[in-house]
Amino acid sequence: MRSLFGLVVALSLSACKEEPRGQLEPIPRPPGLKDAPAPGAAPTAAAQPPVDPSKVTLRWKLAASAPVTYHLDLERSGAAPAPQEAAEETPAKGKKGKGKEEPAPPRAAAPAASFPTGFTYVLERTNSGDYRLRVLPEGKDTTEDTGALSERGFVLDGLQGINRNIAALVLELPLAPVGPNDTWALGTELLTHDALGPLFTTTKTERRNRVKLTALTQEGDDQVATLEYDLLEQLSGKVTSRRAPPAVPARADDPAEEDAEPADESAGPPTTDASAEVRITGKGEFLVKAGRWRTWEGTIASSSRGPFPANALQVPPGTVKLKLTARESAPPAATAKPQQ
């Protein structure tokens, strides 16, 4: 009896020493893993990538109330090409004889847009730190235009057409730091597809947009970044000619009308091939520390064939040489409306 009582007491004591059911055991921390920061502790700054000494950041450096002025001269090589004639409207083949309408005369193309012969650029930094650009085109029927720029010369707002394209060509700098042999693209649109119209069917396009930093040299206390430009846009397609209204129906009592050939509607409306091409090359030397051009020169060569819409070409027609030179003072502000 005593032995049975002792066995019961021993089992009770051993059960009291067991761990409660459901208790989680701590998982050992992997070696090399740092402890989590204490609550409320300031976060540590993320490690910055090391600065590449072979790369530079190209930016315009403007002081408030101290505008920088450049003049861009556009020297044309030879006369401007004559505007292409629009596709002739082919009249529908009607019945011969009395009552037929005369063929509609061919429609001439719309006159080519008036392109400036030069530009004056005034880069300003406002008291709030924003960058502003004034564009003063030279030539017939031109007006002053304005736009907002980023620190790298990218057009944020304002400027359209040729004003925007040429400004991007001579003012826009790369977004990221660049070194020798690095390339980037400009925000240009040399051929506007939206202006082709519903009668133009595009069959082929080609686009190359590349600026390359070819050299980075030290001169005194400044660095000179040499940039070379290579841009190409080609566009070809077919322009559908509108047909003239059908002729007056033939009269049954006219034998001449009965012998006339019926109109061939199965072939569809006639089409004419049309194309355009723009090539731009250039070279500039940008002073990294001073934040401005030392030299910039380039060439624009554009051509079109067939009834290509003149307003789709967003550069001066023909071959034009461009040369950018610094000016000491800015012209007075004008009160003209922006050019569209």
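Colleague: Which residue stands opposite Gly282?

Modeller: This is a predicted model. In it, Gly298 in E10 is the residue opposite Gly282.

Colleague: What makes E9 and E10 a pair of strands?

Modeller: Two strands pair if there are at least two bridges between them. Strand E9 (residues 271-287) and strand E10 (residues 292-305) share 13 bridges, in the antiparallel sense, so they count as paired.

Colleague: How do you know that E4 and E5 pair?

Modeller: Three bridges join E4 and E5, again antiparallel, and at least two are needed. Leu149 has Val155 in E5 opposite. The two strands form a hairpin with five residues between them, and Gly153 in the turn has a positive phi of about 85°.

Colleague: What is the order of the strands in the sheet?

Modeller: The open sheet has eleven strands, in the order E5-E4-E3-E2-E1-E11-E10-E9-E8-E7-E6, with antiparallel pairing.

Colleague: Why are strands E5 and E6 said to stand at the edges?

Modeller: Strand E5 (155-158) and strand E6 (183-184) each have a single partner strand, so one side of each is left without a neighbour in the sheet.

Colleague: Which helix packs on the sheet?

Modeller: Helix H2 (residues 161-171) does, touching several strands, including E5, E9 and E10. The direction of H2 makes about 65° with that of strand E2 (118-125).

Colleague: Why is the pair of Trp60 and Tyr70 called edge-to-face?

Modeller: The search finds six aromatic pairs in the whole structure. For Trp60 and Tyr70 the ring centres are 6.0 Å apart and the planes stand at 70°. The cut-offs are centres within 6.5 Å and planes over 60 degrees apart, so the pair is edge-to-face.

Colleague: What does that pair tie together?

Modeller: Trp60 lies in the loop between helix H1 (2-16) and E1, and Tyr70 in strand E1, so the pair ties together parts that are ten residues apart in sequence.

Colleague: What lines the largest cavity?

Modeller: Its lining consists of Phe154, Val155, Arg164, Ala168, Glu172 and Gly187. By class these are three nonpolar, one polar and two charged; Gly counts as polar. The cavity holds about 30 Å³ of space.

Conventions:
Residues are numbered from 1 along each chain as its sequence is written. This is a predicted model: local features need pLDDT of at least 70, side-chain atom pairs count only at pLDDT 80 or more; totals for chains, interfaces and linings use all residues. Side-chain values use heavy atoms; hydrogens and water are left out. Helices (H or I, at least four residues) and strands (E, at least two) are DSSP runs, numbered from the N terminus. Contact means heavy atoms within 4.5 Å. Axes are lines fitted to C-alpha atoms, for helices over the stretch in contact, and angles run from 0 to 180 degrees between N-to-C directions. On a 1 Å grid over the protein atoms alone, a cavity is a set of points where a 1.4 Å probe fits but cannot get out, and a pocket is an open set with protein on both sides within 12 Å along at least five of seven lines; lining residues have an atom within 4 Å of a point. Grid points are joined across faces, edges and corners, and a volume is the space filled by probe spheres set on the points. Rings of Phe, Tyr and Trp (its six-membered ring) pair if their centres lie within 6.5 Å; planes under 30 degrees apart count as stacked, over 60 as edge-to-face and the rest as tilted.
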